[in-house]
Amino acid sequence: MRTELIFHGTGASSCLPNISCLTLPPEEYDDDEEGRCEACHQGANPWDHAEPKEALKNRRRNTGAVLRVTQDDGSQVTIVIDAGKSFVAAALEWFPKHGLRKIDAVVLSHAHADAMNGLDDLRCWTLDGTMQDHVDIYLSQKTFDEVERTFPYLVNKGMATGGGSVPEFQWNIISEFVEFDVQGVNITPLPVHHGRYFSPVIENPFPMTPPLSPPLSRSSSTQTFPFPSQALSSSPTPPVVFTSGYFPRSRPPSPVIPQPYIAFAFLLPNILYISDVSLIPPSLFSHLASLPEETKPRVSVLDCLRPENHTSHFGITEAVRAAHELGTEKNYLTGFMCGGQGKWISHRGWLRVCERVSDEKELEDFTEWTGSEGERRRCERAIEMGRKGIEEGKERAWIRPAFDGMRVVIDEHGRVSDGTYD
């Protein structure tokens, strides 16, 4: 079996180039030494750069990939991982280049716009059976619920308007740690944290609303209303006490524990794909440890939004730490943002960071550095942060930045190549 992973996007939700960087007037530059964000300007105007192909690597769409598996009988299976806001633009560029056409399945990691808002564009594949009758979509129940809320006509054609032309989907609900099969290709969804909910998550099928005019006792200015405790717990819950102004009596507030937002990583043939993550739970490592040696992944794809930590994404320290803990042969970073003026790092800069984190060279050993002095200093800081993710005494992991259109191949003998960093 031959496995290929083609990155159709390696950027954050806002993509690169970022409109805020391209439209910032020169008089608002706050760094006289550096001026504009070169990562975005190179991505927008690669042909003005001395190395256009290198500059193009700063053009990053919403994170996603295409898995193409060539079976032993020569048949091919094509699986799209996430279809965000920029998916159709990515498909227009990379499908013809890589000989892609039919989509056998789409798997969704989570219900954010940069992972699912391109679903409607899949009508290009199914309208009038142009390329195929339907597309199979694999997603969690929570993601399906969000798709149904956001795009009701994709789930119920009776909700369609206009000409009524909508994509043809077959929906398949998947669960964490439960392997599913797409035409002989086995995939296992693995739960990871992708930030958290910013308000308490309470699923209460019996929402309580106090009466408009609650009868107040003559002897008291308060009235109690029984709370439907069964909605939240099997244990008894004390009544909620309202004042005449409907405010609870003064009592210590119950602590609200932030709930993690769960996204899926995917264990694919030879590849572990973790595109949107702020924390990898121990259960994922336990699952990988339980696998037979021949089915363990050789390649990891890891989220890395920027050098610093982020609420919902890995920074370079976490990404490097994960690469070493996973122990995969090769590790590719994805999901980059530019950082904006005074913080940007170009693709070339990220390559220097990954090279120095992966080897023993000194921080100041930047051979043939061609970027600005400001970017060089940011790269040095990023290297220092990345090296914090390496446990002392451990062999350094091989880490490189992915870019849009990049293709990683694992051949029948398990050899990994990417045509760029080989």
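Contact here means that heavy atoms lie within 4.5 Å. With that cut-off, in this predicted model, Leu272 touches Leu190, Phe266, Leu267, Leu284, Leu288, Pro297, Val299, Ser300, Val301 and Leu326, when residues up to four places away in sequence are not counted.

Leu272 also belongs to the largest nonpolar core, which has 35 residues and in which Leu272, Ile274, Leu284, Leu333 and Ile399 touch the most other members. At least two residues of this core come from each of strands E8 (185-196), E11 (260-268) and E12 (271-274), and likewise from each of helices H9 (282-289), H10 (316-326), H11 (347-358) and H12 (373-387); the largest share, 6 residues, is supplied by H10. Apart from this core lies another, of 33 residues, which includes Leu67, Leu268, Val299 and Leu351. In soluble globular proteins, nonpolar side chains tend to be buried together.

The strands can be followed through an open sheet of 7 strands with mixed pairing, arranged in the order E7-E8-E11-E12-E13-E14-E15. Strand E7 (180-182) and strand E15 (399-401) stand at the edges and have a single partner strand each, so one side of each is left without a neighbour in the sheet. From one strand to the next, the twist averages 30°.

Within the sheet, E12 and strand E13 (residues 299-303) run parallel and are joined by 4 bridges, and Ile274 has Leu302 in E13 as its bridge partner. Helix H9 packs on the sheet, where it touches E8, E11 and E12, and its direction makes about 160° with that of E8. Helix H10 also packs on the sheet, touching E12, E13, strand E14 (330-334) and E15, with its direction at about 160° to that of E13.

How values were computed: Residues numbered from 1 in each chain as written. Predicted model: local features only at pLDDT ≥ 70, side-chain atom pairs only at ≥ 80, totals over all residues. Heavy atoms only, no water. Core = buried A, V, L, I, M, F, W, Y, C linked by side-chain atoms within 4.5 Å. Buried < 20%, exposed > 50% of the residue type's maximum accessible area, 1.4 Å probe, protein only. Pairing = 2+ DSSP bridges. Axes fitted to C-alpha atoms, helices over the stretch in contact; angles between N-to-C directions.
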